[in-house]
Amino acid sequence: MAKPLSLNEIRRRSAQFVVEWRDAPGDERQEAQSFIRDLLQIYGITKTKAALYEYRARRSSTGNQGYIDALIPGLCLIEMKSAGKDLAAAEQQAIDYIDDLAEIEAPRFVLTSDFRRFRLLDLHAENPRPSEFSLDDLPARHDELAFLAGYQAVSFGDREQETASIKAAQIMANLYEALSDSGYDDHEASVFLVRILFCLYADDANVWERDLFYEFLEHRTNEDGTDLGPQLAMLFQAMNRETAKRQRNLDELITRFPYVNGGIFAEPAPIPAFDKDMRDLLVQACAFNWSAISPAIFGSLFQAVKSAKARRDLGEHYTTETNILKTIEPLFLDELRDRFAAAVHDIKALKRLRTDLSKLRIMDPACGCGNFLVVAYRELRALDLSILKRLQDLGDTSWHSPTAFFLKEDLPITLDHFAGIEIEEWPARIASTALHLVDHQANQAMELALGKAPDPLPLDRIESIHVANALRADWTAVFEPGPNVMIVGNPPFIGQYTKQADQTDDLKAVWGRQYDGYLDYVTGWYKKAADYFQAAPGGRFAFVSTNSITQGQPVAALFRPILDEGWRIRFAHRTFAWSSEAPDMAHVHCVIVGFDKREKQPAALYDYETVASAPTRKPARSINPYLLDAPTFYIQKRSKPLSPQLPVVAYGSKPADGGHLLLDSAGYIAATSDPVARKYVRPFVGASELIRNTGRWCLWLEDLEPDDLARSRFLHERVEACRAFRAGSKKLSTQASAAMAHLFAERRQPSVPYICIPAHFSETRRYATVAHFGPEVIAGNANFTAEDATGYLFSLISSSMFIAWQRTVGGRIKSDLRFSATIVWNTFPLPDLNDRARDTIIAAGQDVLDARDLRPERSLAQHYNKLAMDPKLIKAHDALDRIVDKAFGARKALRAEEERQEVLFKRYAELTDS
C-alpha cells in the first residue's frame, strides 16, 4: 500500500528530477510532455491520473483553437516553451485559455516553464504576482509546488475558499438529489455522502495517493454504473479493515487504499443502485479540487443540501468564519494570542503556553455541523504551530519528536478536546467528518512549516459529538466542568411566540419556576451553561442570539438570575446581521454575549455603525444586560408612566370590520357622493398612512342617527356587511361586537389634539416618526395615541433623547424598533420639569413642525430619509435636542447615543431608587 507523499520524499524526487533534466535540450515540441509528466510524478500525479495533456481550448483574445500543454482541472494549468523563451508571454497565453474552460475546470495556479526556469502565478491571490525560480532551485523550493500533491497553503476565511466551498456543496447537492430520486432514504444518504466526501477530499489533499479514488472509479466500474454499488461496497469494507487483516486475494487496486478508521466506514449500510447518470456525477465530482474547501463553511452547506429550497440557494446557507471568530476570539483566543506575543522571546513561557493549550476543552452544545468547533480547532492548532516555529527560531529542540514525524501524542490540541451536542444525526455526522478534515489541514500546515507532522491515517474515532437534546442532556457527561472549559455556539433562533410545545417544555425543564413564558428558546442554553459551571469554579461561555434577548421585557428574566450568581458580561457584540446556515433564516439580526466569573480582564463592547458594517471594539468598565457600558439596571414593565408629567398612551381604535368601515379611494368617492354618508367620513391613519401619507378614510359612526341608515343605502350596506363579518368570526369578542356593527370594535379616539405614535419605527430613522393630529383624524390600532393639546409630548418624542431610550429598552422585530406602552413609554425617565422648561420644549417642537410644513408634500418617510433630510429640519431637531438634553440634566452638548443612554440610566435610577 503506497502512502501519501511526505515533503521529504518530494524533495528527494525533485533533486533526482533536476539531475535527469539539467542537460536536456529543452525543445518544446519534442520534450514538453515528458518534462511535464516527470515533474508531476514528483508530486504523485502519474500517467493514469487526472492530468489532461494537449487539452483543446479556444483563446479568448483571438478566438482561435489551441492546446493547453497540461491541465489538472480545478487546480493547475501548465504551459511549456522552449529554452530561453519569454515565460511572461507564455503565462498570458495560458490565461487566455482559461475563459474557455468550464467553471469546474478553471485552475487556481498557472505554471509556465522553459525547461530551465519556472514561473508560478496564483490567480486567487489578493494581488497576484508571479514567482520565478530556476530548475536547480526546485529542490529548495519544492514546497511552492506542493499544492500538486495536495498540500494547501490556505488563507482561511477568504472569499475564494468560500466560493470553493459553495461549488463543492452544489456538487454534493446534485449527488444527494440523484440518491433521493432513486429512493435512497435520508439516513442511508447521509452515511453514503459522508463517505464519498472523504474519498473525494482524500484524493486531492494527500491523505492517500493522488487521485486514487478517481482511478478506482475509472478502471474498476462500468460506464453504465451497473456495478458501481457493489464495487463501492467492497472498497468501503476494505477501508474499514486494517491492511494486515484484509483478504489476501483482494483486488490489487483496492489494496492500495489505506485503513481509514475514524468510524467513517464502520456502519453497515446499503449501497445505492447506480445508473450511468449517477456514475457520471460522481466522476465529474472528482474533477473538483476538494482540498480547497473550508470544513467550517462546507459543513454548513453540506447540512443544507437535504432541503430542496436550500439546494436552490446554497450560497446563502452558511455561517461565515468571520462571524464565528467574533465569538471565540474575545472569549479565549485573543487572550492566548496576547500571551504568545508577550512570550515571543521566552522559551519557558512558550512551553507553559503549550501546556495550557493542552488543558483547554471546547464544547458547543448546539453544534449543528460543527462549524464553531472546526474554526476553534483550526485556530488553536495554528497558534500551537506558531509557538513551535518560534521555539525552533530560538534554537530549542526539546519539542522535537524522536521519529521522522510528529506523533499525535506530541500535540497539545487534539480532537477529543472538542465536543458537541446536536439533536439531529445528519449534522452530527457532518460535524465529525469536518473535524477530521480540519485536523488533516492543520497537519498539512505543520508539515509545510516544520517538515513533519502526524500521519494522516488511521483516523482517530471521534466520539465527542453527541446526538441528544442539549436542553435535556447532562453536559457534565460531555466534559467535567472546570476553569478550562469554554462553551460556545449558535443555538436555534426561535422566538417566544414561535416555540413548539416541546420546546416550551424544554425551557420549563431548564428554568423551572423562573420560567415566565416570555423567554426565547436560546435562553435555555444560557441557563444550562451557568448551571453547568456551578459544580466547579471558572469557565466561560458565549452564545450568538437574536437581539431580542437584550430588549424589552425578557431582559430581566434572562440576565438577573445569571448575573446574581456572580457572572459578568466579559464581552458583547451589539446588533449586527448574522449570515446563518439555517435554510429558512439566511439573515437575522443578532448579538453575541460572553460571560466569565470573577476575572480581572477588562470587558469589551463591540459596536456597529450599521448592522452590516464591521465592528468597533471599545473597552468597557461594566457591560449591562442592554449591552451598554453602564451599571446594571432592569427596566421592568409598568402599568402607568414613571413620570407624572406623562399621560397614559393607548392603542388606536380597532375596526375589526372586514374592511367595511374603512374606505379606500373608491369607497371615499362613493361615501362623499352620498349626502347622508358624507357627514360620517373621517380621515383614517393606520401604520402606512402615518408614515407614507397615503390617503385612507373611514366611516366614524359614533353619533349615528338611526334614521340615516334607512336614508342611505351606502351606509346600510356597509354596516350590514360589517355585522355579517363579525358574526361569522371565530373570536367570541368579535362576534359580540356584531351587535354594534356601526362602531369600531374597540374605540379609544382622543377628543382633543393628540400625538400619533407608530407601533414600529424603521431602524434607519434618526428620530421617531410621529405626527400631531386633531380629534377628527381617526387613529387605527397599528398606532398608539396620547392626548397632547399643547404639543409637549410631540416635542419629547421627536427628540434624540427619546429615540435613544426606545433603542435601548424597547423590543424589535428584526432590527426595526417596537414601541411599547409598558416597557418604553411608562418607563421613560422624564424629570419633573417646570412650566418654563416645558414651554421652551414645546416651542422647539413647533419649530420642527414648521420645518416640515416647508415641504408639505413630503411624507414622514421622506422627511426622515436618513440620507436626504432637509437641512432646515435637521437644524430644528438639533435645537430641540439641545433643549431636551439640558432638561434631562446634561452638563454639556451630547453627541453620541451612548452619552444620552448614560444620562437616561442615571435619571431612571434616581426615579426608581435602583
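This is a predicted model: local features need pLDDT of at least 70, side-chain atom pairs count only at pLDDT 80 or more; totals for chains, interfaces and linings use all residues.
Me: Why are helices α16 and α17 called roughly parallel?
Reply: Their axes cross at roughly 25°. Angles under 35 degrees count as roughly parallel. So α16 and α17 are roughly parallel to each other.

Me: Which residues make the contact of α16 and α17?
Reply: On α16 they are Leu 507, Val 510 and Trp 511. On α17 they are Thr 523, Gly 524, Lys 527, Lys 528 and Asp 531. They divide into three nonpolar, two polar and three charged.

Me: What makes Arg 117 and Glu 132 a salt bridge?
Reply: Their closest N and O atoms are 3.9 Å apart. The cut-off is within 4 Å, so the pair counts as a salt bridge. Arg 117 lies in strand β5 and Glu 132 in strand β6, so the pair ties together parts that are 15 residues apart in sequence.

Me: Why is Glu 132 called partly exposed?
Reply: Its relative accessible area is 38%. Buried means under 20% and exposed over 50%, with partly exposed in between. Glu 132 is therefore partly exposed.

Me: How do you know that Glu 335 and Arg 540 form a salt bridge?
Reply: The closest N and O atoms are 2.8 Å apart. That is within 4 Å, so the pair qualifies. The pair links distant parts of the chain, helix α12 and strand β11, 205 residues apart.

Me: Is Arg 540 buried or exposed, and why?
Reply: Arg 540 has a relative accessible area of 7%. Buried means under 20%. So Arg 540 is buried. Glu 335, at 28%, is partly exposed.

Conventions:
Residues are numbered from 1 along each chain as its sequence is written. Side-chain values use heavy atoms; hydrogens and water are left out. Axes are lines fitted to C-alpha atoms, for helices over the stretch in contact, and angles run from 0 to 180 degrees between N-to-C directions. Helices (H or I, at least four residues) and strands (E, at least two) are DSSP runs, numbered from the N terminus. Angles under 35 degrees count as roughly parallel, over 145 as roughly antiparallel, 65 to 115 as roughly perpendicular and the rest as oblique. Contact means heavy atoms within 4.5 Å. Ala, Val, Leu, Ile, Met, Phe, Trp, Tyr, Cys and Pro count as nonpolar, Asp, Glu, Lys and Arg as charged, and the others, Gly among them, as polar. A salt bridge is a side-chain nitrogen of Lys or Arg within 4 Å of a carboxyl oxygen of Asp or Glu. Buried means under 20% relative accessible area, exposed over 50%, partly exposed in between (1.4 Å probe, protein chains only).
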